[in-house]
Amino acid sequence: MNPNKVTDMRSVTEPTRSCAPRVLILGGTSEASELATELAARTDVTVISSLAGRVSQPRLPAGIVRVGGFGGVAGLISYLRDEKIGVVIDATHPFASKISGNAELACTALSLPLIALERAPWEPNEHDCWYTVPDAQAAASMVNHKHNRVFLSIGRQELGAFSNCNDAWFLVRSIDAPGETLPANSKLILKRGPFHLDDELQMLRTESISLIVSKNSGGTATYSKIEAARTLRIPVVMIDRPMKHSAPVVSQPVHVLQKLAQLL
Ligand code: NAP
């Protein structure tokens, strides 16, 4: 077993501690993994990735990994202090607003530099039919009508908003089994992306899907469902992103590396 791979809650073990600046990546996204791969290969920094622990078998990034919440802002401040972190990179999911807010507060409290990465949202083109809604509750009230066959592709954390939707039929897709009660008329598929366009087209056709509910996650891994909706002229109820950062953000890992180079 690689000694740098640690999946216990709140623990980081390192066989040797170098004096290279220590960079914490708040991760859980493909961009965060890309940055970890890049930085773990370097000798001038030590990189630690932090995962929330939302999926049972996460794809572990390169370098040191810790898993689980820090215990709010106070816990994060203690962690950053104890682990002598010099720079924090927030590369969390666009919908993970709590951890981003906590990171801003903790970094301000410790006067630590924070580099925030947020991938660009998807934009509709002229062939798309999107209904943009602010949250999962709004999406649930919009789609819950008899005869609607809804592909619900929002992960599992916000599925509770659909628990009482008894009128529509739902095809629910998530990586792990949801803890929430599923809508009365539903079918569950457990699958992890990336998803390919041909498979998405086939699934939407086979299940006679008439509506899709999606979060505006951006990125390529799950974009094929949006392309498939366009091809089949299926409307998409698109859940808008929460407000995540008050500080400036960059949208590409390469810009994070440039900012990091300026700081080191
Ligand atoms: P969140 O609401 O921002 O965070 C809730 C708590 O989870 C945080 O306060 C923190 O706990 C812990 N946490 C989150 N990210 C962490 C990280 N990288 N390292 C350590 N602890 C972390 O985020 P969420 O509950 O994970 O997800 C919110 C939304 O984002 C959902 O819509 C979800 O589907 C989407 N999303 C999240 C991830 C992910 O990896 N987190 C991936 C894909 C999608 P403490 O306060 O105890 O520190």
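## Arg42 and Asp44

In this predicted model, Asp44 is partly exposed, with a relative accessibility of 38%. Its side chain meets that of Arg42 in a salt bridge, with an N to O distance of 3.0 Å. Arg42 is likewise partly exposed, at 29% relative accessibility; the class covers values between the 20% limit for buried residues and the 50% limit for exposed ones.

## Arg241 and Glu118

A salt bridge joins Arg241 to Glu118, and their closest N and O atoms are 3.2 Å apart. Arg241 belongs to the loop between strand E12 (236-239) and helix H7 (253-263), while Glu118 belongs to the loop between strand E6 (114-116) and strand E7 (130-133); the pair therefore ties together parts that are 123 residues apart in sequence.

Arg241 counts as buried at 15% relative accessibility. Glu118 is also buried, with a relative accessible area of 15%.

## Glu83 and Arg22

The side chains of Glu83 and Arg22 form a salt bridge at 3.0 Å, N to O. Because Glu83 lies in the loop between helix H2 (72-82) and strand E5 (85-90) and Arg22 in strand E2 (residues 22-26), the contact ties together parts 61 residues apart in sequence.

Glu83 is buried, its relative accessible area being 13%. For Arg22, which is buried too, the value is 5%.

## Network and total

Arg149, Lys187 and Glu207 are connected through a network of salt bridges. In total, the structure contains nine salt bridges.

Terms used. Residues are numbered from 1 along each chain as its sequence is written. This is a predicted model: local features need pLDDT of at least 70, side-chain atom pairs count only at pLDDT 80 or more; totals for chains, interfaces and linings use all residues. Side-chain values use heavy atoms; hydrogens and water are left out. A salt bridge is a side-chain nitrogen of Lys or Arg within 4 Å of a carboxyl oxygen of Asp or Glu. Helices (H or I, at least four residues) and strands (E, at least two) are DSSP runs, numbered from the N terminus. Buried means under 20% relative accessible area, exposed over 50%, partly exposed in between (1.4 Å probe, protein chains only).
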